[in-house]
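Okay, thanks everyone, let's get going.

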Amino acid sequence: MKPLALFKSELDVFLKELSRDFDIFGPKRQKKGFLDWGKIEGLSDLDLSPGVTKTSVKSFFLPQPEVLFEFSAKTGDERAFRLKEPECPDRKRVLLGVRPCDARSIFLNSMPYKEDCYFQGNIERNIVIGLFCKTHLSTCFCTWVGGSPTSTDGMDIGVYELEDSFIFLPVSQRGEELLRGLGLREISQEEEGQLEAYKSDAPEGISEGIDIAKEFSKKSLFDLYDAQFWQEVTDPCLNCGTCTFLCPTCYCFDIQDEVLRGRGRRIRYWDSCMFPLFTLHASGHNPRGEKVKRVRNRFMHKLKYFPDRFGPISCVGCGRCVRDCPVSIDIRQVIRQFLEI
Amino acid sequence: MFTINEKITVEIRKVARDLLKKGEVSAFLGYTKGTVPMVMKPFVARRQEDAERLSWNSFCVLNLANYLPLVLKSLEPPRRPNEPPPEGPLPKVGVLVTGCWSRNMVVQIKENQIERERVKIIGISSRGMVDRKKVQALVDNNEITEVIEEDHKLIVKGHGFTREINRWDVVRDNCKSCVHPDPVIYDEVIGDLSGGRQVPKRFGDIQEIEDMDIEERWQWFQEEILSCIRCYACRNACPLCYCPTCFVDDSRPQWVGKSIDKTDTALFHILRAFHCAGRCTDCGACESACPMGIRMRLFTKKLYKDCMELYGFEPGLKIDEPLPLTTFKLEDPQDYILQQGQKGEEK
Ligand code: SF4
Ligand code: SF4
Ligand code: SF4
Ligand code: SF4
């Protein structure tokens, strides 16, 4: 199927059309000034400025929290503490303006979550309309880690932004189906020309021809684990959850039961390897009892354990952790340090 | 011409180098440059040559006292949990302090978190640190790629723009209302001390909130914490929060729900603030660390004001004064416990 086009001036109508069957979410300017995900009720809600949203797209796939089960906790209820599946909302969602880095994170996260029915259910429920990047921020480095500003990984539909129009590129089967029903027009010759000449100002790669996933897979895990640089990387770290919670590819969770007035739910909520309780054993022993071990785990997981197991690096280069770490711990520096080992 | 901060940087490096060289300290805690504009990185210099990487500017917004206990511990010989420390003096740490950080160290000393003898304190009078979120807002949240700092202005650059900003306009709210910029304890001083500051409406921001009616105030509070992601950067940036297991993390029992339920988040913020009452120095590290721009410092500042009004006490100013909430005086206000006529007063 060929790409289809939409004039920017028609976006309003397009959104209305889409909202008949879907709840639409996209980047929205927040009161505090930054962009973050929000419900798009009309054109004025949507803000497609360059750069990523404050929090990542993972809230739609690994919601904070995910209700796994519900149960009654009433005394005397004979069905008390019997788990039942929560009801699924039947309206599907469309996620608009998902940047290629965020979209790629969905693709990467679905590797470890391949057999997780909740995650897969969310993939089912959320249609991803990506937006290719024309300009990048100084903290973007998708090109280091296997992505690119025009990568379609994880998208159902990819969108190019031209001067006066958007070009919709179908990627998945269901993306194609959705596009068909939306009454978009064929692309004009002029647009075809613009598309051909479309250049995104991509972040520079780390260095010519280096595939860091391959490089890292050649390195000895133990050399990296025992490297000298960990202490200095760790010193300033607060062991907060900022990097892991903002990161699209940090997917660790914990599970708890919560009961309120006789109604219980079993929830799966975000956890962070930076938190001391993350690895605390029932015996009281904690294999990652010290800060340096926790910091090391975050980077080793993304740059070594994950690629050793699944192939790609578990980072999409969105730069969120780089921008918002209160003490400027920069994964790009750690990547460089890895290369030197 | 050197700027004030460049001169301070030169001095810091010199002092740190000397201390490390003489072996007077085994580590020196300061700041080095970060990789993104307007973010500084706390830095532990362990070797003489590390001293050259120390740096000082208006973006040193985290509280170095927060790092002290762990850095001190890292220098002790390893030992089992209940084993007493070895005989003889333990290695020392040099540390930079401004007014509020030094006051947090006083609190740490009083609460037995650090020992005065083990820290070599290098004082700097703070000119007020800059709030990067304010700078960001002034350039319509466009990306900033470089910030050059002069004594009284910042030159802010991004794609296709360069702006000059008056430094004081973007200084953090807590620094603007600070009356104690000079360190209260120190062994050496770099630069000039200010001799204290006068601030016309020190608690103006709190007064505004107090003046709201109850509904309005509840609304304000809920909106303020609405975007909290429970990352706990605020808690972890604070030198007062050193419990091995925080009540929000504990799961046996589970005191507070763990996800971002509104009530749970509110509970976290209210309890955190109360745990800081009579101890918080309004250093602003919590607010600066928050990725979501939440002004949780206003909660602790309200309690700061209450402590001042109820007990005439400001945290960390005197080393030999007990903390107000760990002591009892007969003349302490007790209206909230006792009913009228129970106070032993004549009716
Ligand atoms: S690296 Fe930065 S954001 Fe991550 S836990 Fe450490 S201080 Fe927090
Ligand atoms: S590690 Fe940092 S740059 Fe990489 S995906 Fe996570 S937040 Fe983005
Ligand atoms: S609560 Fe905030 S302002 Fe108060 S001492 Fe802690 S970090 Fe500083
Ligand atoms: S730092 Fe901000 S987002 Fe994180 S827990 Fe504190 S208030 Fe919430």
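So, B:Arg53 makes a salt bridge with A:Glu232, and their closest N and O atoms sit 2.5 Å apart. By salt bridge I mean a side-chain nitrogen of Lys or Arg within 4 Å of a carboxyl oxygen of Asp or Glu. Across the interface of chain A and chain B, the rule finds five of these.

Quick housekeeping: this is a predicted model, so local features need pLDDT of at least 70 and side-chain atom pairs pLDDT 80 or more, while totals for chains, interfaces and linings use all residues. Residues are numbered from 1 along each chain as its sequence is written, chains are lettered from A and ligands numbered from 1 in written order, and side-chain values use heavy atoms, leaving out hydrogens and water.

Back to the interface. How many residues are in contact? On chain A 46, on chain B 44, with contact meaning heavy atoms within 4.5 Å. Together the two chains bury about 3,500 Å², 52% of it on carbon and sulfur atoms; that's accessible area (1.4 Å probe) lost on putting the two parts together, summed over both.

Now helix α3 of chain A, residues 117-125. Helices here are DSSP runs (H or I, at least four residues), strands likewise (E, at least two), numbered from the N terminus. Which residues of this helix are buried? A:Tyr118, A:Phe119, A:Asn122 and A:Arg125, buried being under 20% relative accessible area, exposed over 50%, partly exposed in between (1.4 Å probe, protein chains only). Down the axis of α3(A), those buried residues fall within an arc of 120°, so they line one face of the helix; the arc is taken over directions from the helix axis to the C-beta atoms. They pack against β4 (66-72), β5 (92-98), α2 (100-109), β6 (126-131) and β11 of chain A. And at the start of α3(A), a side-chain oxygen of A:Asp116 comes within 3.2 Å of the backbone nitrogen of A:Tyr118.

Last stop, salt bridges inside a chain. A:Asp308 pairs with A:Lys304, closest N and O atoms 3.3 Å apart. Both are in helix α10 (residues 291-310) of chain A, four residues apart, about one turn. Buried or partly exposed? A:Asp308 is partly exposed at 40%, whereas A:Lys304 is buried at 2%.

Over in chain B, B:Lys302 and B:Glu210 meet at 2.8 Å, N to O. That pair links distant parts of the chain, helix α11 (residues 297-311) and helix α6 (residues 204-210), 92 residues apart.

Terms used
Polar contact = N/O pair within 3.5 Å; in protein donor to acceptor, adjacent residues only side chain to side chain.
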